[in-house]
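Subject: The structure, and what turned up in it

Hello,

Here is the structure I said I would pass on. Please have it open while you read, as the notes below go through it piece by piece.

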Amino acid sequence: MKAFIVKRYSKKDKLQLEVIAEPTLKENDILVQVYAAGVNLIDSKVKSGEFKLVLPYKTPFTLGHDVAGVVTKVGAGVKKFKVGDEVYARPADHSIGTFAEYISINEKDAALKPKNISMEEAASIPLVGLTAWQALVEKAKLKKGQKVFIQAGSGGVGTFAIQLAKHLGATVATTTSTNNIALVKSLGADVVIDYKTQDFETILKDYDLVLNSQDAKTLEKSLRIVKPGGKVISISGPPDMAFAKEIGLSWFMKTVIFFLSNKVRKQAKKLNVDYSFLFMQANGKQLSEIGKLIDTDVIRPVVDKIFPFEQTNEAMSYVESGRAKGKVIVKVK
Ligand SMILES: NC(=O)c1ccc[n+]([C@@H]2O[C@H](COP(=O)([O-])OP(=O)(O)OC[C@H]3O[C@@H](n4cnc5c(N)ncnc54)[C@H](OP(=O)(O)O)[C@@H]3O)[C@@H](O)[C@H]2O)c1
């Protein structure tokens with residue numbers, strides 16, 4: 001099968017299109033023929049080696065974290081799926097590789113694809129949908145009437161998170177640049193801040209929750225717009241000790257992370273704000289819940305561009321530009 005491979009960790013090197021063996025199936029795996037793959041910033045971060053210490057992949061390996069496709073084979077222990085099922089998934093770390101014609105995925109990480117959307121739209125959902133779900137529903141338990149600030153509302157995570165937060169009954173503030181104001185409003189954002197001309201810290205006050213996805217300065221300012229007892233959940237770092245423990249890092253890496261998060265933890269404590277880092281996890285059950293919200297038109301996918309499979313490197317570059325409005329997809333079949 002054809003696959004886009006990382007030959008060595010490098011920021012500059014392109015992915016190589018190669019013909020490799022089809023994946024083998026373990027007992028609980030399904031073999032999925034990839035119709036569409038979503039592109040995420042984590043693809044670039046894994047390729048460059050930025051994530052090597054926490055997510056070591058042995059080169060060469062196939063890149064890609066989001067998929068929609070059709071089940072073509074099932075392992076002997078598979079219970080949830082049969083050949084012919086249309087599915088979508090964010091395969092678990094260490095089992096990635098959606099920039100390929102086939103991928104094997106543990107059935108617990110996949111869900112039936114929502115029926116009312118295309119394969120390309122379905123491939124846009126898993127990673128960002130699960131990130132938003134795990135931040136807003138699982139970690140923050142966001143409730144009706146609460147106020148949440150979701151940064152970068154026009155990005156992959158933002159476009160999904162705004163819709164989910166509105167569904168949960170929260171008031172949503174977001175940042176974006178002038179060109180994307182109409183988009184984030186159409187998704188339901190109540191307070192829209194143009195980050196090119198306005199400073200969110202002077203506008204937002206007493207928020208219950210911030211979903212932080214930007215730099216250290218933005219994180220520091222975010223702590224100050226949250227009310228005492230509120231939460232800041234960051235998906236762009238710095239990682240915290242709970243994360244280090246969760247993924248079983250060495251004492252050396254735990255020490256590194258202790259120092260990386262020292263400043264923000266101290267600032268948060270002083271303000272009586274709960275700071276935590278989230279690194280999203282594969283989860284087929286949560287994807288099924290998300291699928292229901294898509295099937296009932298509560299949440300709609302926001303797809304910016306679809307690239308042909310051969311142009312996977314171009315799709316990666318477009319995501320790296322930081323200007324995507326919603327998601328970027330590679331059409332494989
Ligand atoms: N920890 C995790 O599990 C996890 C999961 C998913 C993502 N992430 C991380 O979260 C971050 C966001 O991911 P993403 O996929 O949503 O990114 P993305 O889709 O690539 O973000 C692009 C969007 O960000 C907006 N943007 C850029 N700079 C901004 C700023 N200063 N303020 C507000 N908006 C700004 C852009 O809008 P304009 O063109 O209008 O500027 C664009 O629409 C990344 O760092 C990613 O690696 C982490």
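First, some housekeeping. This is a predicted model, in which local features need pLDDT of at least 70 and side-chain atom pairs count only at pLDDT 80 or more, while totals for chains, interfaces and linings use all residues. Residues are numbered from 1 along each chain as its sequence is written, and side-chain values use heavy atoms, with hydrogens and water left out. Helices (H or I, at least four residues) and strands (E, at least two) are DSSP runs, numbered from the N terminus.

**The cores**

A nonpolar core here is a set of buried Ala, Val, Leu, Ile, Met, Phe, Trp, Tyr and Cys residues joined through side-chain atoms within 4.5 Å. Buried means under 20% relative accessible area, exposed means over 50%, and partly exposed is in between (1.4 Å probe, protein chains only). The largest nonpolar core has 105 residues, and Ile 30, Leu 63, Val 148 and Ile 290 have the most contacts inside it. Helix α3 gives the most to this core, with seven residues. Apart from it lies another core, of six residues, including Met 1, Ile 5, Leu 31 and Ala 100.

Contact means heavy atoms within 4.5 Å. Leaving aside neighbours within four places in sequence, Leu 63 is in contact with a list of residues that includes Phe 4, Val 6, Ile 96, Phe 99 and Met 316.

Met 1, one of the six residues in that other core, is placed in the segment before β1. Is Met 1 buried or exposed? With a relative accessible area of 16%, Met 1 is buried. Beyond its neighbours within four places in sequence, Met 1 is in contact with residues including Val 19, Ile 20, Ala 100 and Tyr 102. Leu 55 is 54 residues from Met 1 in sequence, and their C-alpha atoms are 25 Å apart in space.

**Two helix pairs**

Two packed helices are described by the angle between their axes and the distance between the axes. Axes are lines fitted to C-alpha atoms, for helices over the stretch in contact, and angles run from 0 to 180 degrees between N-to-C directions. Angles under 35 degrees count as roughly parallel, over 145 as roughly antiparallel, 65 to 115 as roughly perpendicular and the rest as oblique.

Helices α3 and α10 pack at about 95 degrees, with their axes 10 Å apart. That makes α3 roughly perpendicular to α10. Among the residues making the contact are Leu 130 and Trp 133 of α3, and Leu 287 and Ile 290 of α10. The residues of this contact divide into six nonpolar, three polar and two charged. For that count, Ala, Val, Leu, Ile, Met, Phe, Trp, Tyr, Cys and Pro are nonpolar, Asp, Glu, Lys and Arg are charged, and the others, Gly among them, are polar.

The other pair is α6 (residues 216-224) and α9 (residues 262-270), which pack at about 15 degrees with axes 10 Å apart. The two are therefore roughly parallel to each other. Leu 219, Glu 220 and Leu 223 in α6 meet Lys 263, Val 264, Gln 267 and Ala 268 in α9. Four of the residues in this contact are nonpolar, one is polar and two are charged.

Within α9, Asn 262, Val 264 and Ala 268 are buried. The cover over the buried residues of α9 includes α6, α8 (251-260) and β14 (274-277).

Most residues other than glycine have a negative phi, and most peptide bonds are trans. Here are some exceptions:

- Asn 272, which follows α9, has a positive phi near 55 degrees.
- Lys 141 has a positive phi of about 50 degrees and lies in the loop between α3 (126-139) and β9 (147-150).
- Asp 297 has a positive phi of about 60 degrees, and at 62% relative accessibility it counts as exposed.
- The peptide bond from Thr 59 to Pro 60 is cis, with omega near -10 degrees.
- Gly 237 and Pro 238 are joined by a cis peptide bond, with omega about 0 degrees.
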